[in-house]
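Biologist: Could you take me through this model feature by feature, giving the general idea behind each one before the particular case?

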Amino acid sequence: MSVDFLNVSIRYGTDREVLKGVTFALAEGAICYLTGDSGSGKTSLIRSMFLAKHPFSGVIRLFDEDVTQLSRAQKLEMRREIGIVFQDFRLIDHLNVYDNIALPLRLRNESEKAIAQQMEQALELLRLTDQRYAFPPTLSGGQQQLVAIARAVIHTPSLVLADEPTGNVDIHMAERIMQIFHRFPKLFKSTVVIATHSYSLIRDHPAPIVQLANGRAEVRQISDLR
């Protein structure tokens, strides 16, 4: 399995558990949605998959490895296999589109020739070729989110995480973003997890759902929501 949660509980400090006894599994190349009301734990679950939040109890396995037992250095290394997209973009304003997207590759010390080849494919895929020299503040919210998506997948990660990626864009851009995410399993063999509150988008682009409520998780299908 690419992602495997077994009786995972997450809490912050001494407060009540945000998530308790969460169990589900995703195969390599699968795509699923995380849904639930605000405060249900979607972001906490995403953070735990990105190795930014250690569970209070239970086991999380990524790529068949128990990540709860990894050292900090090992977690940093595993993050190289993960791409993450945030709702608020988190681009670097003083870097242009090209340099924002290329940043993960430069951190991996790839050659500029190799980076240029990968960049052309990414810019074409996200239709950002004409914006390559633009700076984030000059772009629309939708364009900024496309840049953030390109940056997250430029290194062809095994796991792609997206936390409310359509929350700050209009419906037309949201539709385009969902179409893009659904291409990643075929393009990169990536497992894709999308946290969203938009049931209309889920219905238009169906995939299994991990629904969070009262600290629990239930795996459902889109037919269950009708």
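Modeller: Strands here, like helices, are DSSP runs numbered from the N terminus (H or I of at least four residues for helices, E of at least two for strands), and two strands pair if DSSP finds at least two bridges between them. In this predicted model, 6 strands form an open sheet in the order E6-E7-E8-E3-E9-E10, and the pairing is mixed.

Biologist: Which strands stand at the edges of that sheet, each with a single partner strand?

Modeller: The edges are taken by E6 and strand E10 (216–220), and because each has a single partner strand, one side of each is left without a neighbour in the sheet. Neighbouring strands of this sheet are turned by 20 degrees against each other on average, direction ignored, where axes are lines fitted to C-alpha atoms, for helices over the stretch in contact, and angles between N-to-C directions in general run from 0 to 180 degrees. Before going further, note that residues are numbered from 1 along each chain as its sequence is written, and that side-chain values use heavy atoms, with hydrogens and water left out. As this is a predicted model, local features need pLDDT of at least 70 and side-chain atom pairs count only at pLDDT 80 or more, whereas totals for chains, interfaces and linings use all residues.

Biologist: What joins strand E3 to strand E9, and which strands does H5 lie across?

Modeller: Strand E3 (residues 31–35) and strand E9 (residues 209–213) run parallel and are joined by 3 bridges, with Leu34 opposite Val210 in E9. H5 lies across E6 and E7, running at about 170 degrees to E6.

Biologist: What is the order of the strands in the open sheet of 4 strands?

Modeller: That sheet has the order E2-E1-E4-E5, with antiparallel pairing, and its edge strands are strand E2 (17–26) and strand E5 (65–66), each pairing on one side only. Strand E1 (residues 3–11) pairs with E2 in the antiparallel sense over 6 bridges, and Arg11 has Glu17 in E2 as its bridge partner. Helix H1 (residues 42–49) lies across E1, E2 and strand E4 (57–62), at about 120 degrees to E1.

Biologist: How should I read a pocket, and which residues are closest to the centre of the largest pocket?

Modeller: The search uses a 1 Å grid over the protein atoms alone: a cavity is a set of points where a 1.4 Å probe fits but cannot get out, a pocket is an open set with protein on both sides within 12 Å along at least five of seven lines, and lining residues have an atom within 4 Å of a point. Grid points are joined across faces, edges and corners, and a volume is the space filled by probe spheres set on the points. The largest pocket holds about 480 Å³ of space, and of its 16 lining residues the closest to its centre are Phe50, Ile82, Pro104, Leu107 and His155. E6, helix H3 (97–107) and helix H5 (141–153) are the elements that give two or more residues to this lining.

Biologist: What is the volume of the second largest pocket, and which element gives the largest share of its lining?

Modeller: The second largest pocket has a volume of about 180 Å³, and the largest share of its lining, 4 residues, comes from H4. Helix H4 (112–125), H5 and helix H7 (184–188) each supply at least two of its lining residues.

Definitions and conventions:
Contact means heavy atoms within 4.5 Å.
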